[in-house]
Amino acid sequence: MVSENERDITNAFRAPLPEDAVKYEKGLYEKYPAFKLDSGVIDKGYNELSKKISAKVNDGLRVLVVDGFQGINWKLFIDKLSDELSKVKINPGFVDFEECLKDEQTLNEFIKDFLGANDRIFGKHFPLSLETFFDPAKVAKLRIDASIARSDKSGNLIIIYGCGSGLVELWDELWYIDHPKDILQERARQGNVLNITKKAQLDFEEFYKRSYFIEWPALNRFKKNILQDIDVFIDFSDVDMPSFIQGSELRTSLNEVAQTPFRVKPWFFPGPWGGQFMKGHMQLDQDQPNFAWSFELIVPENGIILQSNGNNLEFSFDCLMYQNHKDVLGNAADQFKYEWPIRLDYLDTIDGGNLSTQVHPRPEYIKKEFGETYTQDETYYIVNSKPDARVYLGLKESVKPEEFKSALEQSAEKEKELDIDKFINSEPSKPHDLFLIPNGTVHCSGQGNLVLEISATPYIFTFKVYDYLRRDLEGKLRPINIERGFTNIRPERDGNFVKANLVAKPELIDKSGDWELYELYNKPFTFYNIYRLEFDTSYKLVTKGNAYAVNLVEGESVELKSKNGRVEKLSYLESMIIPAAADEVVINNLSNRKSKIVLVQVKEGIGKDIPVNDPND
């Protein structure tokens with residue numbers, strides 16, 4: 001007889017879903033995956049931070065610089081640290097590096113060409129360093145002050161703190177405070193985070209645009225430059241009890257991670273079209289109306305959690321790429337440098353609604369308009385669905401682009417809904433179908449799908465041409481971009497083209513014992529190929545210098561044994577990176593049902609024999 005628990009687990013893996021399903025059982029998905037350190041200690045709290053300072057003051061610590069990312073509550077941090085230091089009779093002088101910022105009018109004039117004028121969503125990537133935000137004369141004076149302080153007698157301490165304070169360059173120790181992007185953005189939505197270059201509180205949409213295009217690029221360049229100099233790295237997720245690790249131990253940890261399959265911390269967000277499957281299966285916040293997105297694997301958004309002596313610490317994924325991009329990317333490192341180029345995320349429309357009808361920019365357009373180096377080519381892998389679910393892909397054969405555009409403009413002007421089925425081709429979708437969405441192809445997921453979106457990493461460059469007149473979660477009418485969209489739509493990609501070219505036809509390319517390897521996608525549209533491994537017991541993956549983004553799309557769980565002896569677990573619907581430096585990984589099935597793993601790999605020869613984007617685009 002099957003126990004209640006076993007029955008629930010069986011239900012959690014059911015695909016496709018019955019039409020009348022309304023409850024989605026908890027699966028094995030782990031929301032907070034942690035990489036357990038072989039060495040290194042993670043400590044917590046202001047008391048422990050003050051002990052570190054106290055121990056070093058008598059050994060000559062005179063200038064401590066505490067730098068950090070956008071949005072750190074510096075007053076709270078300094079107040080709490082100061083309270084603890086006073087208990088051990090240390091009363092440092094504090095210098096707020098924000099005083100070195102250029103005035104706001106000067107800053108805004110300097111960056112205005114990158115802010116996209118009146119465009120609500122898009123700007124252009126800022127190409128310069130963090131140093132350009134600060135007054136050079138003020139920084140020079142503070143550098144001299146720091147030099148003088150370092151010559152002072154032992155026991156005197158000055159703490160220079162604030163975003164960019166590492167520009168002082170002259171310090172005895174450098175600390176760095178970071179916090180995960182999901183937490184940063186939630187704090188911004190609550191009105192608790194200001195932009196560096198704008199001191200008035202902005203609504204979240206404007207805050208994010210200024211952050212994404214201006215501040216984060218500059219901050220990331222500087223973080224990369226000082227990573228090897230950081231003495232203490234602090235995770236500010238918990239502002240009352242921040243966790244921290246020695247900089248040298250963080251860098252050793254990065255080396256460990258880069259040799260081993262690892263998961264990043266996913267995060268989830270509701271949306272106006274969001275569904276209910278992830279909310280149940282992944283046991284997400286039941287107070288939210290739905291969950292539309294899961295950020296499974298996006299370098300600019302995700303972090304990696306380290307675990308040691310019962311404590312966790314999260315660092316941003318990009319730190320790993322700054323130090324170990326060659327280990328992680330292998331053959332693709334010369335082309336993509338510090339960018340992990342493959343994005344995985346979920347779109348949940350089960351018991352939700354259709355996504356917006358949208359298109360992504362052509363390669364030259366995204367470079368010229370937004371400063372990206374390659375475009376947002378996508379695919380939809382259907383992990384689960386309900387009967388009659390569909391994916392919208394390409395124009396209908398009889399549709400004339402100018403008539404479609406006119407209908408969209410009238411819909412927007414008159415605020416009247418449009419029957420999108422009259423214009424857009426759609427295809428039935430079921431579990432394990434793969435739909436290809438190269439740039440310029442109009443598309444969206446219909447309701448009733450759990451889509452694993454496999455894509456190039458750029459992720460906000462979506463031109464919505466129709467969105468059912470929906471409002472976002474803040475109550476604002478969601479922006480549409482009809483002009484941008486029709487500048488990029490490829491009208492020749494109609495229903496006939498879709499059926500012939502954009503619906504994947506799996507091809508068996510290798511097999512042995514109880515495993516089979518299928519090629520799902522190998523076309524010139526993108527720089528990556530997609531495979532699916534199906535096996536009953538085990539499979540040995542040899543990287544041959546290639547990195548993989550992987551997802552367990554069927555089965556309960558598998559374990560991955562690396563050549564270095566580490567073992568990591570991957571459960572149903574979880575995503576993982578297998579770095580090129582892992583070399584050999586044995587994948588063992590932990591259940592008595594067949595497992596299926598999607599593997600995404602950068603094509604060999606990209607940037608050498610093969611261009612990153614289709615030369616015919």
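Modeller: We will look at one asparagine, then at the cysteines. This is a predicted model, in which local features need pLDDT of at least 70 and side-chain atom pairs count only at pLDDT 80 or more, while totals for chains, interfaces and linings use all residues. Residues are numbered from 1 along each chain as its sequence is written, and side-chain values use heavy atoms, with hydrogens and water left out.

Colleague: Where is N439?
Modeller: N439 is placed in the loop between β18 (434–437) and β19 (443–445); strands here are DSSP runs of E with at least two residues, numbered from the N terminus.

Colleague: Is N439 buried or exposed?
Modeller: N439 is buried, with a relative accessible area of 1%, where buried means under 20% relative accessible area, exposed over 50% and partly exposed in between, using a 1.4 Å probe and protein chains only.

Colleague: And which side chain does the side chain of N439 make a polar contact with?
Modeller: With that of R490, at 2.6 Å; a polar contact is a pair of N or O atoms within 3.5 Å, and within protein one must be able to donate a hydrogen and the other to accept it, while residues adjacent in sequence count only if both atoms are side-chain atoms.

Colleague: New topic: how many disulfides does the structure hold?
Modeller: The structure holds 0 disulfides, a disulfide being a pair of cysteine sulfur atoms within 2.5 Å. C319 is in no disulfide, and the nearest cysteine sulfur, that of C163, is 14 Å away.

Colleague: What about burial for C319 and C444?
Modeller: C319 is buried at 0% relative accessible area, and C444 counts as buried at 1%.

How values were computed:
Helices (H or I, at least four residues) and strands (E, at least two) are DSSP runs, numbered from the N terminus.
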